[in-house]
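Let's take a friendly walk through a protein model together.

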Amino acid sequence: MRAGMMGNDPQAEAAPEAAQEVRRRRVFYIPGYDPIHPRRYRELYRKEGAAQARISGYEIALTPGAGGGNYGWQVAARIDGAEVAAEVEVLVWSDIVRDSMSTSIPATYLQLIRTAWEYIATGALRRLMRLRKGPVIAALYPVGMLLGQLVLALLLLWAMVSAAGLLRPWLGVLADIGGLVAGAVAAIWLLRWFKARDGKLFAYYLMHDYAYSAQHRGANPPELEARMASFSDAIADALSDDVDEVLVVGHSSGAHLAVSILSDLFRDGRVPVHGPRLAFLSLGQVVPMVSFLRDAWRLRADLAFLSARDDLTWVDVTAPGDGCAFALCDPVSVSGVAPENKRWPLVFSAQFTRALSPERWKALRWRFFRLHFQYLCAFDAPRDYDYFQITAGPLSLASRYAGRPPSASRIDVAVSKFTSTSP
């Protein structure tokens, strides 16, 4: 059995540093719903890895990837006297994200109506609110912001029509027509102005994000399924490589993609019995936003299947300080599909408020999107979670957290109304 058993002592710490287990590692990072080029993740790893190395007293350096295939980079690290080489690849679906965001303003408002109906009419939103308020508020934010923008545009239209009415004694019906045309132009201009500044407001971005899952009621769109199949091929190739560990990291929406990708690999017999250790690290997951939808039967089946594997290590790290994630919510249990032999995931907190200094936490506290990426960044008061030691250190994920208990405050009761695992 590759994974260590988790102890019951609430004070237990991660396994102590021992003999080097990993000399070569393949890492596959699956981003969330993000339209940005993957070089962003390389630069984030380079900058934050160097910062964490200075704080924690180890060495880490990046060089360009080997070329061909997926976008990635090479990592050379020296941690606790052990030298480790890691190859990191980003499994890119940003082009699919960009295509889903290329909608007009009217189409976005139609998405708003359809998405709100899917979550509210089915009761999914009400049940999600029983978990964590933060991500639900994040889901309601684009609705409120877009409706607010529409109200302001309509008020501008009304103001222009009313102002033109003052000219009616002299221009007659031409004043009304002119006011209506001018008001419509001004209203459209205002809506376009808001959309052009969505890089700061994030209303359109978040609306497209939630609508992408809701449009198929939790099922994966065909283009995403096809991309996930190619991701499976890449990971399967790595499992036949001469490495010590293959680590899949699913961040945000990428976590639920990873669940299905890994499940497919096991079902298809593509995980060799005597191959590298296989590990899965889910970070800042938002699984319930999808698994609670009525047609997310594939995801629910995959959650149940993966949670019972004894030839996999699955660690789920979130933090209550991340308002965009379902912090400490066991994605299998809350989805109502936990089998009797459930083993995974190990759920614990990255403890932002303790792993970041008071000054750093104060600076980041209200930067919600930045905090959602903190899992991939340096901590100036690190505890037992270190992204760079996990991805480039000498211990496997299984050994690093062998004996590490789950967080006592995790939510692991069934909450979802929809629990079917077949169409």
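We begin at proline 345, which sits in the loop between H14 and strand E8 (346–349). Helices (H or I, at least four residues) and strands (E, at least two) are DSSP runs, numbered from the N terminus. The model is a predicted one, in which local features need pLDDT of at least 70 and side-chain atom pairs count only at pLDDT 80 or more, while totals for chains, interfaces and linings use all residues. Residues are numbered from 1 along each chain as its sequence is written, and side-chain values use heavy atoms, leaving out hydrogens and water.

What kind of peptide bond joins tryptophan 344 and proline 345? The bond is cis, with omega at about 0°. Most peptide bonds are trans, and most residues other than glycine have a negative phi. With that in mind, look at leucine 328, in the loop between E7 and H14. Leucine 328 is not a glycine, yet its phi is positive, at about 55°. Its relative accessible area is 2%, so leucine 328 is buried (buried means under 20% relative accessible area, exposed over 50%, and partly exposed in between, with a 1.4 Å probe and protein chains only). Glutamine 351, in the loop between E8 and helix H15 (352–355), also has a positive phi, near 50°. Because its relative accessibility is 18%, glutamine 351 counts as buried.

Alanine 319 is buried, with a relative accessible area of 0%. Not counting residues up to four places away in sequence, alanine 319 touches Ala327, Ser349, Ala350, Gln351, Phe352 and Tyr375; contact here means heavy atoms within 4.5 Å. Now find serine 162: from C-alpha to C-alpha, alanine 319 and serine 162 are 51 Å apart in space, and they are 157 residues apart in sequence.

Serine 396 is buried, at 0% relative accessible area. Leaving aside neighbours within four places in sequence, its contacts are Glu21, Val22, Arg25, Glu245 and Arg277.

Next, let's see how some helices pack. Helix H2 (residues 94–101) and helix H9 (residues 203–214) meet at an angle of about 105°, with axes 10 Å apart. That angle makes H2 roughly perpendicular to H9. Angles under 35 degrees count as roughly parallel, over 145 as roughly antiparallel, 65 to 115 as roughly perpendicular and the rest as oblique. Axes are lines fitted to C-alpha atoms, for helices over the stretch in contact, and angles run from 0 to 180 degrees between N-to-C directions. Ile96, Ser100 and Met101 in H2 meet Tyr205, His208 and Tyr212 in H9. How much of H9 is covered? Twelve of its twelve residues are buried, including Tyr204, Asp209 and Ser213.

Our last stop is another pair: helix H10 (residues 222–239) and helix H11 (residues 254–267) pack at about 60°, with their axes 9 Å apart. This makes H10 oblique to H11. From H10, Leu224, Met228, Phe231, Ser232, Ile235 and Ala236 meet Leu257, Ser260, Ile261, Asp264 and Leu265 in H11. An α-helix has 3.6 residues a turn, so residues three or four places apart point the same way.
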